[in-house]
Amino acid sequence: MSLFPLSVLGTSQLHHQPKSMNAPLSSDARGKRILIDSDDRISKLPDDVLVKILATMSTEDAVKTGVLSTRWKNVWKHVPYLHFDMLNAPLNKRRPLAPLSNHVAKSITKVINNHNGHLMGCSIDHFAHHCQDGELETWVRLLTLQKHTKALSLFNLIHLLHLHGNGKRSNVLQLSPNTFSHPSLSTLFLHGYDLETPHAFNECNNLKILKLERIFAEVDVFNTVIASCPSLKVLVLNAMWYNNKACLKIHNNNLKVLHLASCNVDCIDVSAALLDIFSVYYYMFGRKYNFVINAPRIWFNSWTKDSRRVPFMNYNITSHAQEKENLGHEFVVSGDANYFLRLKSLKVVIDVMNSREVQMLRDILVTWHGIMEELDILFKDNNVSKEEGESSIGGTQEKKWEETKLFPNADFRVEVLWMANFSGSNKKQFALASRFVTQGTVMKKIMIKTSSIVAKKKLENEAAVAKLKELPKGNENLSIECF
């Protein structure tokens with residue numbers, strides 16, 4: 001589920017009523033007689049139901065329902081999410097932008113003030129000058145201190161370099177110290193700001209998810225921000241450095257997901273004992289730098305020597321599935337992450353005897369955007385013989401692993417599939433491989449590692465590959481090879 005749900009319905013839904021046999025008649029523009037239902041049945045619904053209806057609407061439309069009747073006056077004030085987008089506000093393009101957007105800004109403040117109770121989430125897309133006139137800080141303080149907002153997204157619509165007459169950058173995020181440290185705030189998205197100091201992040205033990213996109217700052221400022229958020233489980237960093245002659249340090253023992261969209265610094269030092277999901281989008285080609293990562297759960301490390309430097313994701317599904325909460329996985333497959341827009345390669349560690357892990361793999365593949373260049377699957381070797389249907393985490397699972405539903409949408413495509421630690425005697429590993437073959441999911445080549453120090457195992461693996469080659473191929477050009 002998205003952290004910031006947007007509108008999927010319009011206000012017209014509120015006026016749709018079932019037809020009544022005794023309703024009065026009227027005529028449409030063509031003279032056709034139609035029924036009009038004068039019985040307002042929707043207004044008779046309980047408040048919690050009405051709030052759920054309004055929660056599916058845009059904030060602007062939800063607020064407008066307050067004028068329908070006394071019954072509706074305060075219903076919108078209990079919706080769990082608010083979304084404000086100045087880019088789509090009804091501004092007069094013939095008049096100066098600043099005065100009109102300031103009028104909209106005052107309306108935003110009024111709506112936040114009038115809302116009752118606490119908010120699950122709020123997103124505000126605003127113009128750059130609101131960073132300077134105090135409006136942005138007003139919104140943040142209202143949302144954190146009064147509304148106890150759990151998820152907050154701030155998006156600077158004009159995030160390129162703009163100068164006022166006095167030469168001052170208008171994109172600087174000017175907030176008081178400890179601004180983001182309210183205990184209720186657990187998720188924060190920032191886009192398009194200059195960050196001159198880390199003071200707003202002082203003592204941010206509350207943040208679990210932090211997404212910084214197109215943020216300009218000194219490397220040392222980023223280091224301080226990261227160090228000030230020791231409880232982070234998800235960190236997405238798309239940064240622009242004022243001075244890249246420095247070392248970016250990401251040391252966090254709670255971090256589960258790390259995505260770096262820019263790596264053009266001299267050094268990147270990552271230490272994260274619980275890191276399960278690691279992805280990198282952008283490399284500075286031709287630049288020499290040190291990339292040190294101390295993350296024992298990340299099994300693949302050959303990418304550091306990959307001359308192609310393909311944008312990739314490295315996911316240890318096995319270790320992540322053992323956690324009580326899968327916050328990292330839920331974030332990655334949500335609409336908020338936008339993870340898969342540029343990534344080209346996926347490397348996963350998985351125990352196919354565990355149906356939960358298979359489902360998590362399916363979530364990733366279904367969510368992937370575009371054609372994947374390479375998929376590397378490392379099968380977890382449990383060295384334990386299990387009956388079919390028994391999980392590697394113990395016990396017989398009630399819901400049987402259903403191989404035929406791994407790719408139900410038939411949209412996912414990968415050019416080359418690599419499988420390591422493959423066991424020809426494992427029925428579910430073979431079933432997974434067969435799905436890739438018969439459903440046409442793999443476009444070019446499947447490479448299966450069959451080598452084993454045990455001669456009997458090697459023969460079993462090669463026999464299994466031979467059976468895969470005999471299956472009807474969903475893609476006629478597919479080749480299956482051993483290595």
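Let me start with the cysteines: the count of disulfides comes to zero, where a disulfide is a pair of cysteine sulfur atoms within 2.5 Å. Before going on, a word on the source. This is a predicted model, in which local features need pLDDT of at least 70 and side-chain atom pairs count only at pLDDT 80 or more, while totals for chains, interfaces and linings use all residues. Residues are numbered from 1 along each chain as its sequence is written, and side-chain values use heavy atoms, with hydrogens and water left out.

Cysteine 267 is buried at 17% relative accessibility, and cysteine 482 is partly exposed at 34%. Buried here means under 20% relative accessible area, exposed means over 50%, and partly exposed is in between, with a 1.4 Å probe and protein chains only.

Next, confidence. pLDDT is the predictor's confidence in each residue, from 0 to 100. The chain average is 80, and 75% of the residues score at least 70. Two stretches need caution. Residues 160-168 stay under 50, and the model gives them 14 contacts beyond four places in sequence. Residues 384-399 are also below 50, with 25 contacts in the model beyond near neighbours in sequence. A contact means heavy atoms within 4.5 Å. Where pLDDT is low, the predicted coordinates should not be read in detail.

Now the overall picture. The chain has 10 helices and 19 strands. These are DSSP runs, numbered from the N terminus: H or I over at least four residues for helices, E over at least two for strands. Of the 483 residues in the chain, 47% are buried. Among contacts with a separation of 6 or more, 64% are between residues 24 or more positions apart.

What about the nonpolar cores? A nonpolar core is a set of buried Ala, Val, Leu, Ile, Met, Phe, Trp, Tyr and Cys residues joined through side-chain atoms within 4.5 Å. The largest has 75 residues, and the members touching the most others are Phe180, Leu190, Phe201, Leu210 and Leu248. Leucine 210, leaving aside neighbours within four places in sequence, contacts Leu188, Phe201, Val225, Cys229, Leu232, Val234, Leu235 and Val236. There is a second, separate core of 44 residues, which includes Val236, Ile350, Leu417 and Met419. In soluble globular proteins, nonpolar side chains tend to be buried together.

The buried cysteine 267 stands opposite asparagine 290 in strand 13.

Aspartate 85 has aspartate 125 in strand 4 as its bridge partner. Strand 3 has a covered face made of Leu82 and Phe84, and an uncovered face with Tyr81, His83 and Asp85. In a regular strand the side chains alternate between the two faces of the sheet. Valine 104 belongs to helix 3 (residues 97-114) and is buried at 17%.

Another helix residue is threonine 144, in helix 4 (residues 135-146). Is threonine 144 buried or exposed? Threonine 144 is buried, with a relative accessible area of 3%. Beyond four places in sequence, threonine 144 touches Thr149, Thr179, His182 and Leu185.

Asparagine 178 is not a glycine, but has a positive phi of about 65 degrees. Asparagine 178 sits in the loop between strand 5 (151-156) and strand 6 (187-191) and is partly exposed at 30%. Asparagine 421 also has a positive phi, near 60 degrees. Asparagine 421 lies in the loop between strand 17 (414-420) and helix 9 (427-438), and is partly exposed at 34%.

Key:
Pairing = 2+ DSSP bridges.
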